[in-house]
Amino acid sequence: MRRAAWLSLVLAGVAGSASAAPMSFEEAAARVAAEAPALKAADAGRRAAEAGLRDADRRPNPTAELEVENFAGTGPYRGFDGTEVTALIEQPIELGGKRRARVAVAQAEIALAVAERQSEQRRLLAELVRTYSNAAASRARAAVAAEQVEAAETLAAQSARRLAVGDIADVEHDRVLVTLGEARAELERAQRETEAAERSLALLVGSLERIQADPSFLTTSGADPARIAIVTADDARFAAMAERDQARVAAARAERIPDLTARGGVRMARDEDAVALIAGISVPLPLFNPGRARVAQAQAEAERASFAAEAQRREARRTAERALGNWRSARRTLETVERQTIPAAERLVTLTERGYRLGALPYRDLADARTSLYTARRSRIDALEQAANAKADLAEVTGAFSDLGLTVTQTRSEAP
């Protein structure tokens with residue numbers, strides 16, 4: 001109990017933790033899902049796409065025209081006696097299904113905006129897993145370093161008493177002091193790493209105060225990642241991209257068909273005090289730009305996006321396989337360290353401590369035994385962090401956060 005209390009006091013002071021606010025991973029995930037600027041930007045992108053749909057579903061605006069002729073001239077056109085006034089309304093008439101094609105493109109843009117938000121959310125949550133596990137591992141390593149300092153300080157006090165009565169030589173006591181100095185330096189390094197990791201976590205979450213991660217997060221259990229189906233969660237985004245690109249090709253083809261412009265109005269001749277109706281229709285002649293280049297451009301863009309999507313699928317599968325390999329490696333290391341290395345190191349420390357107190361073993365043997373124990377404990381923490389990072393990589397690809405034991409808040413994009 002005394003050791004636990006001492007360690008609690010040391011850890012409470014790790015890197016100035018008085019200003020670090022404890023936060024569970026679930027709380028951090030909920031905060032990221034609710035407040036992340038990247039997700040708010042994605043929501044704004046969807047609103048923009050929805051506004052684009054409303055705009056695409058509108059007909060072209062008519063044009064009002066007013067012409068005044070035969071005034072302020074010479075001869076019979078002097079003054080305003082021969083003035084003619086013509087008022088016209090022009091209305092473009094779209095042909096070839098242009099409006100329908102625009103609507104299809106806008107609808108595909110909305111679907112793509114929704115899929116991109118989901119992809120961005122997965123990326124953010126996976127980054128949170130990595131950042132939180134790094135902060136938790138740093139704090140756990142600081143705890144091991146603090147325990148190492150406590151043991152070195154206790155041994156230094158014992159060594160000083162033995163030196164005072166002549167049980168050990170000066171060089172033996174100096175070795176103890178060197179070990180104590182190294183342990184304190186290791187603790188300071190671990191504290192700095194913890195501070196940096198928790199500040200990085202705070203920046204990701206959007207907190208003004210440093211966030212204190214919970215080391216127990218590293219032991220989160222979940223389904224065996226090897227049983228998670230390697231399905232690319234971005235398939236919905238790739239499908240939305242393909243649909244949008246095909247809609248753009250159809251829109252480019254529709255643009256090749258010339259539109260009509262209908263005109264109608266009245267003409268008033270002042271000198272004759274007469275009014276006449278005017279009607280007409282015009283059509284552009286696609287002589288110099290028939291629109292084939294725009295269609296070819298849209299088709300090439302669709303092909304480029306298709307190949308890019310396939311490249312991303314392959315990279316996602318590579319990432320998933322690499323994550324599975326890293327997870328298996330971390331689990332094997334963890335099992336070896338927990339079942340063999342740490343128990344053996346603890347037994348060795350117990351025996352060498354007894355032998356050192358009895359004067360049967362030199363301090364060097366005890367120092368080596370304790371170094372082996374602390375190295376094994378740090379190896380366990382490293383393996384836990386590696387496993388958590390592998391889960392993050394796999395979850396980012398597949399979206400299987402909950403299956404991997406990662407409790408996250410999946411928010412949907414804002415309603416239309």
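Predicted model: local features only at pLDDT ≥ 70, side-chain atom pairs only at ≥ 80, totals over all residues.
Local features need pLDDT of at least 70, side-chain atom pairs count only at pLDDT 80 or more, and totals for chains, interfaces and linings use all residues. Residues are numbered from 1 along each chain as its sequence is written, and side-chain values use heavy atoms, with hydrogens and water left out.

The model holds 4 aromatic pairs (Phe, Tyr or Trp rings, the latter by its six-membered ring, with centres within 6.5 Å; planes under 30 degrees apart are stacked, over 60 edge-to-face, the rest tilted). Phenylalanine 25 and tyrosine 132 pair edge-to-face, with ring centres 5.6 Å apart and planes at 75°. Phenylalanine 25 belongs to helix 2 (residues 25-35) and tyrosine 132 to helix 4 (residues 98-164), so the pair ties together parts 107 residues apart in sequence. Helices are DSSP runs of H or I, at least four residues; strands are E runs of at least two; both are numbered from the N terminus.

Tyrosine 132 also forms an edge-to-face pair with phenylalanine 217, at 5.0 Å centre to centre and 75° between the planes. Phenylalanine 217 lies in the loop between strand 4 (210-212) and helix 6 (235-255). Phe25, Tyr132 and Phe217 form one aromatic cluster. Phenylalanine 25 and tyrosine 132 are buried, as is phenylalanine 217 (buried, under 20% relative accessible area; exposed, over 50%; partly exposed, in between; 1.4 Å probe, protein chains only).

Valine 283 is partly exposed, at 43% relative accessible area. Valine 283 sits in the loop between strand 6 (274-282) and helix 7 (292-357).
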